[in-house]
2 protein chains.
Amino acid sequence: MGLKELFSPRAVAVVGASSRELTIGYRIIENLLDFGYTGPIYPVNPKGGEIRGLKAYPSILDTPDPVDVAHIVIRNKYVPACVEDCAKKDIKAVIVNTAGFREIGPQGAALEEQLVAIAKETGIRVFGPNCQGIINTDPAVRAYCNFTFTRPTPGHISIVAQSGGVGEVIHQRITELGVGVRQYASNGNACDVSIPEIIEHWGQDEQTKVIVVHIESLPDPRAFLEVTTQVARQKPILAMVVGRTSEGAKAVASHTGRLMEQLTAVELVFDKAGIVSFRSIEELCQSAIGFALQPVPAGNRVGMIANTGGPAIIATDELIEGGMVMPPLSQRTEQLLHEKLYAEASVNNPIDVLATAGPEHFAAAINALLDDDGVDAIFLNFVTPFFVDTLGVAREIADANRRSHKPIVATVMTEKKGWAETLAVIRDSGVPTYDMPETGARVLASMGRYAALLKRPSERPASFSDVDASRARLIVATARRAGKACLAADEGFELLTCYGIPVAQYKSANDAEECVAAADEIGYPVVLKVDAETVVHKTESGGVVLGIRDRDALREQAEQLAARFAEVSPRLLVQEQLPGGTGVPPVVVREVIVGAKAVAGLGHVVMFGLGGIYVEVLQDVSFKVTPVAKREAQEMIESLQTYPLLTGMRGQAGVDLKVLTEIIQRVSQMLVDNPEIRELDINPLFAFQHGAKAADVRVIV
Amino acid sequence: MGLKELFSPRAVAVVGASSRELTIGYRIIENLLDFGYTGPIYPVNPKGGEIRGLKAYPSILDTPDPVDVAHIVIRNKYVPACVEDCAKKDIKAVIVNTAGFREIGPQGAALEEQLVAIAKETGIRVFGPNCQGIINTDPAVRAYCNFTFTRPTPGHISIVAQSGGVGEVIHQRITELGVGVRQYASNGNACDVSIPEIIEHWGQDEQTKVIVVHIESLPDPRAFLEVTTQVARQKPILAMVVGRTSEGAKAVASHTGRLMEQLTAVELVFDKAGIVSFRSIEELCQSAIGFALQPVPAGNRVGMIANTGGPAIIATDELIEGGMVMPPLSQRTEQLLHEKLYAEASVNNPIDVLATAGPEHFAAAINALLDDDGVDAIFLNFVTPFFVDTLGVAREIADANRRSHKPIVATVMTEKKGWAETLAVIRDSGVPTYDMPETGARVLASMGRYAALLKRPSERPASFSDVDASRARLIVATARRAGKACLAADEGFELLTCYGIPVAQYKSANDAEECVAAADEIGYPVVLKVDAETVVHKTESGGVVLGIRDRDALREQAEQLAARFAEVSPRLLVQEQLPGGTGVPPVVVREVIVGAKAVAGLGHVVMFGLGGIYVEVLQDVSFKVTPVAKREAQEMIESLQTYPLLTGMRGQAGVDLKVLTEIIQRVSQMLVDNPEIRELDINPLFAFQHGAKAADVRVIV
């Protein structure tokens with residue numbers, strides 16, 4: 001609501017307009033004029049008069065109708081009243097450039113809440129505060145509602161950035177690289193108009209082919225996830241991952257004034273949504289250009305053409321490390337190349353046409369790759385020898401690009417002044433052209449990454465019907481009502497059972513005799529555990545006895561445990577002894593962990609990994625955001641470094657991956673149904689050749 | 001020998017000079033003239049006449065004396081005779097630009113061998129063939145002996161590249177970035193003048209402050225290692241690692257015509273030598289500029305100043321991931337900043353002076369960091385708000401740089417046309433200035449990497465005197481004389497014993513009775529193994545019996561093994577049973593592997609890792625090139641992901657790291673003394689809390 005008018009306003013007012021050049025109130029008017037805004041501009045200043053030749057109005061209420069967007073650049077304390085005036089005038093959106101809100105502390109936060117309240121009440125949309133603004137290069141609009149300095153050419157990349165500084169850097173760089181931008185937005189504190197809304201808006205904008213996103217925190221991660229999941233299926237979304245190190249995260253916190261606990265989850269959100277993520281602004285900008293100019297490859301198979309070997313080697317390394325493959329070319333292609341290239345040329349992939357190759361050789365190689373069904377994308381490495389008709393080569397490349405349905409990416413290594421025309425012919429044809437082989441290769445690899453994301457089935461998470469959700473809710477609610485932070489062992493097991501997650505047979509007991517009765521039912525050998533909220537590390541504190549073989553031993557151990565933990569008056573838990581676990585396993589068995597943690601506003605992050613030293617020393621674990629679909633559960637298992645230990649090796653059978661996949665999904669469903677669960681730790685879960693059983697569980701609510 | 005004249009010739013002749021513009025024979029003369037070569041140029045062409053106004057001589061023998069360098073651009077088959085003529089004329093070096101030598105197959109290789117023979121016989125140096133040439137920008141020389149197009153400005157970066165294509169890309173990029181180059185060399189097939197020689201030459205050239213290296217193969221890795229180890233202690237050497245993927249390595253092979261088995265060793269050689277390695281040409285070029293303009297930091301502690309948060313976060317992530325740290329600033333610094341910056345400024349590290357900060361604020365922050373002993377380098381993130389005196393800020397940065405002994409690296413984010421003067425003031429002061437925060441951060445991190453390399457003690461490898469080297473040599477020689485590829489088990493153990501590497505007690509036996517006699521000596525329990533050259537995987541093929549407790553069992557097992565492997569008529573090996581290995585270890589024990597592989601022309605690469613699944617599934621192993629010094633042996637152990645398993649965890653004691661460190665060094669000494677060893681595999685080596693013992697060894701000669 002209101003975003004159409006925000007980006008395509010019929011008229012723009014600037015409240016706080018000024019004729020002093022070094023002010024934002026002047027700069028915005030100048031930008032609107034210079035960029036050729038197609039609607040009327042109304043400066044607002046109590047003194048009236050003229051600003052840059054435009055009549056200034058004493059109040060926003062005095063401006064002619066209709067006004068869709070008003071910039072507000074007056075002092076922070078006057079902003080709320082001004083927004084109310086704007087609402088009265090039926091202005092659709094205000095861009096509050098003024099700073100001094102949430103970012104300065106409680107006083108500013110209170111002012112910001114007033115803005116939110118006015119927006120809710122009146123329906124006016126608030127963009128900002130403490131923000132730059134928007135740009136729309138649509139020739140019918142040309143709205144430069146921003147105080148920055150980059151003069152864009154109309155194009156197909158739209159950029160949204162939480163940090164105005166970074167947004168401007170991205171905008172400048174893409175413009176410097178000679179590629180056009182469609183729309184731009186940097187919404188600062190984002191108290192009302194949100195980044196997900198803007199992305200959704202651009203999802204419907206036909207002229208936006210690529211969306212570039214810079215975020216430093218996710219105020220509403222679930223909304224972000226839902227919107228981007230939809231939009232990323234239609235057009236590529238490219239995003240920076242920032243705050244990756246704890247020092248970086250600290251810098252985010254001190255910058256945005258929020259401790260972003262969920263930052264660790266951002267990369268998982270990007271992955272789940274199908275966003276192509278980056279760790280370098282330069283690479284992101286270069287890739288945006290590749291996406292803007294070329295089709296998405298059908299797959300990851302690259303055919304490379306070079307006229308010198310060195311750069312081809314560098315590009316090959318980068319492509320392979322980026323997940324692409326360099327398949328052998330078809331026999332027909334090889335045959336063709338043999339006929340048309342020099343005898344010494346290499347007709348393998350990469351094809352080396354040799355430094356002496358001219359237009360006809362390049363044309364033959366490109367056409368051969370265009371016709372080879374085993375190749376999804378073409379990568380060109382072109383150095384410009386002075387004894388070659390490089391302009392002719394350029395024209396062949398340009399011509400091929402016009403006919404091609406496969407993406408073509410080029411690295412042109414040349415002395416830019418001497419070969420300006422050659423370069424221009426390639427660039428102007430729409431082939432993204434890079435200076436360095438690794439740069440071009442990384443761009444093509446990022447396009448391959450998006451192609452792979454598009455191919456993922458958009459699978460609904462399973463909904464298991466054999467679950468007792470209401471019983472589970474009751475267990476959680478009861479524990480919370482009793483003021484417990486951690487469920488008792490039997491409650492935890494019962495919760496798992498409600499969701500069809502297999503657990504080792506167990507029974508709770510209050511004393512040695514009840515233990516014996518329980519063991520009689522379960523059958524020896526048994527495990528005895530202490531069960532008390534305060535005993536968190538049961539094994540380390542001696543609260544677990546394994547392999548008890550008979551009643552006498554059990555009785556003795558139960559009494560000892562009760563005595564040892566007397567001050568916490570624990571309950572006891574008798575459990576079936578699962579096979580394996582110590583010594584040479586008599587059966588195929590692996591101890592795995594399924595864990596989870598709630599992330600505010602998002603849901604839960606589920607973790608999977610092999611237990612023991614694998615998680616402790618190697619930290620070999622995988623994560624997904626709930627709800628976890630089947631494919632995702634499989635990915636969690638398969639992406640582990642220790643995956644071969646689960647599939648079996650050296651002729652040993654593997655464990656039941658089907659059951660593990662299902663358990664992860666069932667855990668996910670349990671978490672979605674019970675958002676009150678803050679932490680979950682099924683550790684160990686014994687995985688057998690057939691089936692699996694949870695041996696211990698910890699649930700924090 | 002001859003390199004001084006090659007790079008600073010008193011006169012240059014061009015044999016095969018031409019007046020046709022699109023020829024190399026014309027281009028070189030033009031380049032020499034255009035770049036202002038300070039000596040005479042003698043075109044040589046049988047037709048005589050004039051070329052670009054210079055008198056052409058019918059033969060090299062007709063040119064005036066003295067000539068130090070002759071380019072040769074005539075047909076390949078005439079090159080050897082021409083080089084002989086050059087030698088007669090006492091020319092010091094020929095640059096053979098002509099192609100058609102080793103790279104085209106056996107015929108060309110034979111021609112190339114003739115060149116090598118002439119060089120050896122006459123002392124003339126041959127640069128190339130199939131090469132570009134050299135450039136020396138020294139104002140007293142200005143020798144552009146090359147057919148490329150980059151016009152350098154004199155500076156302090158020298159570039160040597162095996163691939164002319166990549167060399168030219170590097171040269172172009174550095175020049176485009178506005179930084180000067182000292183010397184350039186691309187020696188193609190490198191039949192005589194080698195890259196190590198060139199690096200050694202530049203090691204002694206005072207005006208060369210940074211050496212950039214691009215290699216695709218190492219014809220003489222040992223010479224390269226020795227030279228670069230020396231030079232890298234005096235000045236930074238930056239190098240690309242190429243052929244990292246198997247596809248990339250394949251591309252190298254098809255490009256250079258050599259299957260470079262040792263490519264996997266290149267990164268190890270770089271590390272051992274103290275070379276700063278890169279995986280991107282762009283990053284290498286950007287870093288070269290940092291090294292050329294700034295001092296090497298004393299350590300890895302960075303103080304960052306920013307006037308907007310977003311880019312600071314990105315730079316922080318990159319610095320930390322690149323091995324730098326962002327320490328808290330001293331109390332004095334914080335105090336100073338509190339006094340001099342805006343109240344809302346962040347005085348932590350990164351320091352945020354705020355977007356409104358002017359020259360005095362930047363000056364205060366830079367000076368505070370210059371004076372803080374806890375900071376080794378300064379990183380600036382500067383966006384240029386239009387309401388700030390950015391030129392004043394630039395002048396403060398420039399001024400601080402003139403006074404600073406700490407490196408300063410800057411990211412300046414701006415609209416380059418509008419802020420050209422601001423940018424120029426910073427750049428001209430010698431502060432390396434980058435567009436993107438991650439670019440600048442990676443440069444500073446590479447400087448930190450070099451600082452760390454410089455700090456490594458230049459330690460001589462240990463030479464253990466308690467070894468029986470002549471006995472070891474005899475064992476190896478005897479095995480080779482007998483035509484054995486693989487030593488027998490007892491020979492392998494004896495070899496280890498010669499070098500003081502502890503082994504499990506063992507005895508060879510031919511039948512069951514000899515086994516019993518051996519076990520009586522060793523003491524039960526024992527291990528019985530089949531020992532035959534053809535049985536490589538003893539355990540998998542059932543050739544190992546563990547834990548034999550008495551004579552009867554031993555006799556029975558020995559007879560069974562002899563029967564099962566009857567067709568290879570094996571010997572048997574009786575060994576002491578080492579503690580641990582199955583079940584819960586009764587003592588602290590870890591199975592580790594020490595392996596090695598010979599690399600032609602280099603020596604050996606030694607491997608260390610934990611045995612079993614750690615090496616098989618996780619491939620958690622480390623490598624070093626012989627001779628392995630103590631620090632390196634320690635690094636091999638400490639760099640493992642599974643290192644905590646060796647130091648002990650959860651209160652468990654660790655294994656004897658001192659002994660492991662020593663064993664690695666002893667293995668290294670054994671390999672250096674016995675270059676005939678092709679492969680070595682001590683697996684497992686049992687490591688205990690005190691001491692270690694090899695349980696099995698395989699030696700291929």
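The copies in this predicted model meet through the same surface, because 99% of the interface residues of chain A are also interface residues in chain B (contact means heavy atoms within 4.5 Å). Chain A can be laid on chain B by a turn of 180° and a shift of 0.0 Å along the axis, with an RMSD of 0.1 Å. The two copies are thus related as by a two-fold rotation axis; the superposition is by least squares on C-alpha atoms of residues with pLDDT of at least 70 in both.

A word on conventions: residues are numbered from 1 along each chain as its sequence is written, and chains are lettered from A in the order in which they are written. Local features need pLDDT of at least 70, side-chain atom pairs count only at pLDDT 80 or more, totals for chains, interfaces and linings use all residues, and side-chain values use heavy atoms, leaving out hydrogens and water.

Now to the charges. Over all chains, a search finds 76 salt bridges (a side-chain nitrogen of Lys or Arg within 4 Å of a carboxyl oxygen of Asp or Glu). In chain A, Glu267(A) and Arg279(A) meet in a salt bridge at 3.2 Å, N to O. This pair links distant parts of the chain, 12 residues apart: Glu267(A) is in helix α9 and Arg279(A) in the loop between β14 and α10 (helices, H or I of at least four residues, and strands, E of at least two, are DSSP runs).

| Peptide bond | Omega |
|---|---|
| Gly128(A) to Pro129(A) | near -5° |
| Asn683(B) to Pro684(B) | near 0° |

Pro129(A) sits in the loop between β7 and β8 of chain A, while Pro684(B) lies in strand β27 of chain B.
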